Amino acid sequence: MKITKIETHVCHARMRNWIFVKVLTDQDGLWGWGEATLEWHTRSVVGAIADIEPLLIGEDPTRVEHLWQTMYRQHFWHGNGIVRATAMAGIDIALWDIMGKVLGVPCHKLWGGPVRDFVRLYSHLGGGKMEDFYETDPADASRFAELALKAVEDGFTAFKTMAVPETAPIEGLKPVKYAEKCVAAMREAVGDGIDIMVDCHARPSPRMGHLFAKALEPYGLYWFEEPTWPERIDDIAAIQKSVVTPIATGERLTSIHAFRELAEKGACSVWQPDITHCGGLTEARRIAALAEAYRVALAPHNPQGPVSTAASLELGFATPSYIICESVHLDVPWRNDCVTECFEVEVDGRICRPGNKPGLGIEINEKEVAKHPFEQELPQRSYYHDGSVGDW
């Protein structure tokens, strides 16, 4: 059995273009699906996949680790830059899908079988509708409460919000009070039985991140995410040591080497590798093993398309340190037209139980995907009050 071709199928989904990767083989009807979605870098990733393809044509697709090493170490530049790592990830996920199909088992059974009965899902405020998640006015606390109640009505027992506004490197109390008001409104609306995560999107400087973390500590957050720039792991560690709130980070880290530094510095309680950016399921499983060694929780970053979600769930079914799966379901109304999934989500509690189809247990409808060809992603620019560039 040999790899004969690697295709990319781009599907425009408003804020991001989903990049589906199809690895074909010389056996009729045998292929694997992966995903390599990277916002605002679609053409770069598609080109990187084309650059990697010659390394894999003619190779045995079931030699997954060998091919991962080939993609990572060949062509001189190691594959830990975001574009190359994302391209690798899409291919690697597809190779695991093929492996499961060849052996006739779901991916989670390739890794030792399920360690839990189900995986819990959490939602974004607005279910993935970008205006409700990214553009809600921080001053409008009642809107946050309304969206929080809607998430609970939809069956979720956990949701994520961006209640921390874009903030200059040093500001006064106004943004901190805004964030506190919004989180207080959500907590009052949903009570203590619902888990609330607050994502800072690495907007704050180290000092402002510290102030936000202390202000929101009384509200019992499930986690406080990316409180400051990912380049400042020492400062993330300092914030974690100063509050009892679990600190989460890792979505912008692209290899196990970066997570090793998080581990050595005790920087956070929750690691969030993005399976589509960190080199795929092969590297994500190594990161998960390291998390297990340090007794750190794993909650992969996953706001992308349906293949990414399937990969995250398969990892979750087989990984002890995995605690919850990020999901979006209302980003585009036709999302489910593009994919056939073997797992079902129970609306009450939004939990997902393992499926029994081989590989990732999904198929992509290429005709539906073709109805949504590439478009430039929506521009997102952030500036502070004085016109200087901020962090989105």
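Biologist: How far apart are the end C-alpha atoms of helix α12 (residues 306–318), and what should its 13 residues span?

Modeller: This is a predicted model, to be clear. The end C-alpha atoms of α12 are 19 Å apart. At 1.5 Å a residue, the helix should span 18 Å, which agrees.

Biologist: How many of the residues of α12 are buried?

Modeller: 13 of its 13 residues are buried, so α12 counts as mostly covered.

Biologist: Switching to helix packing. At what angle do α6 and α7 pack?

Modeller: Helix α6 (residues 141–153) packs against α7 at about 35°. Their axes are 8 Å apart. The crossing is right-handed.

Biologist: Which residues meet there?

Modeller: From α6, Ala141, Phe144, Ala145, Ala148, Leu149 and Val152. From α7, Lys181, Cys182, Ala185, Met186, Ala189 and Val190. By class, that contact has 11 nonpolar, no polar and one charged residues.

Biologist: And α7 with α8, at what angle do their axes cross?

Modeller: Roughly 35°. The axes of α7 (residues 174–190) and α8 (residues 206–216) come within 10 Å. α7 passes α8 in a right-handed crossing. On the α7 side, the contact uses Pro175, Val176, Ala179, Glu180 and Val183. On the α8 side, Met208, Leu211, Phe212, Ala215 and Leu216 take part.

Biologist: How do the residues of the contact of α7 with α8 divide?

Modeller: Nine nonpolar, no polar and one charged.

Biologist: Last topic, isoleucine 19. Where is it found?

Modeller: In strand β2 (residues 16–25). Isoleucine 19 counts as buried, at 0% relative accessibility.

Biologist: What does isoleucine 19 touch, leaving out residues up to four places away in sequence?

Modeller: Thr8 and His9, then Gly34, Glu35, Ala36, Thr37 and Leu38. It also touches Thr42, Val45, Val46 and Ile49.

Biologist: And how far apart in space are isoleucine 19 and arginine 207?

Modeller: 37 Å, C-alpha to C-alpha. In sequence, they are 188 residues apart.

Methods:
Residues numbered from 1 in each chain as written. Predicted model: local features only at pLDDT ≥ 70, side-chain atom pairs only at ≥ 80, totals over all residues. Heavy atoms only, no water. Axes fitted to C-alpha atoms, helices over the stretch in contact; angles between N-to-C directions. Helix = DSSP H or I, 4+ residues; strand = E, 2+ residues; numbered from the N terminus. Left-handed = near helix turned anticlockwise from the far one by under 90°. Contact = heavy atoms within 4.5 Å. Nonpolar A, V, L, I, M, F, W, Y, C, P; charged D, E, K, R; others polar. Expected span 1.5 Å × (residues − 1). Buried < 20%, exposed > 50% of the residue type's maximum accessible area, 1.4 Å probe, protein only.
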